[in-house]
Amino acid sequence: MVERNAYLDGLFGSLADPIRRDILRRLISAQYTIGQIASEYDISFAAVAKHLQVLQKAQLIIKQRRGKEQVVSIAPQALQDASYYLKQYESLWNDRFDRLEYIAKEQ
Amino acid sequence: MGKATVTAPQDQSIITIERIFAVPKDKLYKAISTRELIAQWWTGPGYDVRVEEFDPQEGGKWRYVQSKDGEEFAFYGVIHEFGPERVVQTFEFSGLPERGHVIMEKMELTALDDNTTKLQVTQAFFSTQERDGMLQSGMEEGMNNTYDVLESVAKDL
């Protein structure tokens, strides 16, 4: 239990920053090299590398060496949680149903 | 505003989605059965939806095309029943690498009182693997809400 909470503290601490959340969002659909990620932001390469370090420490991302480059991808253990997928699906439908309710009220 | 409850039982290849709407049943039915209104709610973040076919009767077809950044995907199926109590239809997605992953979808509307309606959606898959694939595919569309989602997962722990 204590371990799980420490894990979540890391998770939420690392997600508190908008750039880190944005990096994570990009990594959901593809893998990128550190250079590619850094080129997307107006902050220094070192600052981006630091954000990646925080995400890695929270077990949200993994870095793998591929040839000369380091490729960053989303960490399965952070997101392959069944309840996570369920909540995600729920949020998709809630979004849709919010609009449905609004439209139905106008009828 | 109500919240949808989604369940995916481990031993059954189905997903159920339930939500209580603060809307009379006839209005809710109108919103789900009127061609021009469907595109307005049947969408995801950043997507446009075009209703190409919608023939709400037994044997009729439906086909909605989602487009985002020039890419298009179609959702389509055959309607088996379309009425104010119940809608039954098949559901397929053109973005899958192969055909044959057909989902059976049932929507049930129940008036709880004059101004409250329960909508229950049941999606039945051929296997739990296909069902889990569907749950995971919902992810990219809903990604804008990562933080909210993680937060709600954490609350349940």
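**Briefing: strands, sheet and helix packing**

In chain A, strand 2 (residues 61-66) and strand 3 (residues 69-74) pair in the antiparallel sense, over six bridges. This model is predicted. Chain B has four helices and eight strands. Its eight strands form an open sheet with antiparallel pairing.

**The hairpin in chain A**

- A:Arg66 stands opposite A:Glu69, a residue of strand 3 of chain A.
- Two residues lie between strand 2 and strand 3 of chain A in this hairpin.
- A:Gly67 takes a positive phi there, near 65°.

**The sheet in chain B**

- The strand order across the sheet is 1-2-8-7-6-5-4-3.
- Strand 1 (5-7) and strand 3 (48-54) of chain B stand at the edges. Each has a single partner strand, so one side of each is left without a neighbour in the sheet.
- On average, neighbouring strands of this sheet are turned by 20° against each other, direction ignored.
- Helix 1 (residues 25-33) of chain B packs on the sheet. This helix touches strand 2 (14-21), strand 5 (71-82), strand 7 and strand 8 (116-124) of chain B. Its direction makes about 155° with that of strand 7 of chain B.

**One strand pair in that sheet**

- Strand 6 (residues 86-93) and strand 7 (residues 103-113) of chain B run antiparallel, joined by six bridges.
- B:Val87, for its part, stands opposite B:Met107 in strand 7 of chain B.

**Chain B as a whole**

- Along the sequence, chain B follows the pattern β-β-α-α-β-β-β-β-β-β-α-α.
- Of the 157 residues in chain B, 22% are buried.
- Among contacts in chain B between residues at least 6 apart in sequence, 33% join residues at least 24 apart.

Terms used: Residues are numbered from 1 along each chain as its sequence is written. Chains are lettered from A and ligands numbered from 1 in the order in which they are written. This is a predicted model: local features need pLDDT of at least 70, side-chain atom pairs count only at pLDDT 80 or more; totals for chains, interfaces and linings use all residues. Two strands pair if DSSP finds at least two bridges between them. Axes are lines fitted to C-alpha atoms, for helices over the stretch in contact, and angles run from 0 to 180 degrees between N-to-C directions. Two residues are in contact if their C-beta atoms, placed from the backbone, lie within 7 Å. A residue is buried if 20 or more other C-beta atoms lie within 10 Å of its own, exposed if 12 or fewer, and partly exposed in between; C-beta atoms are placed from the backbone.
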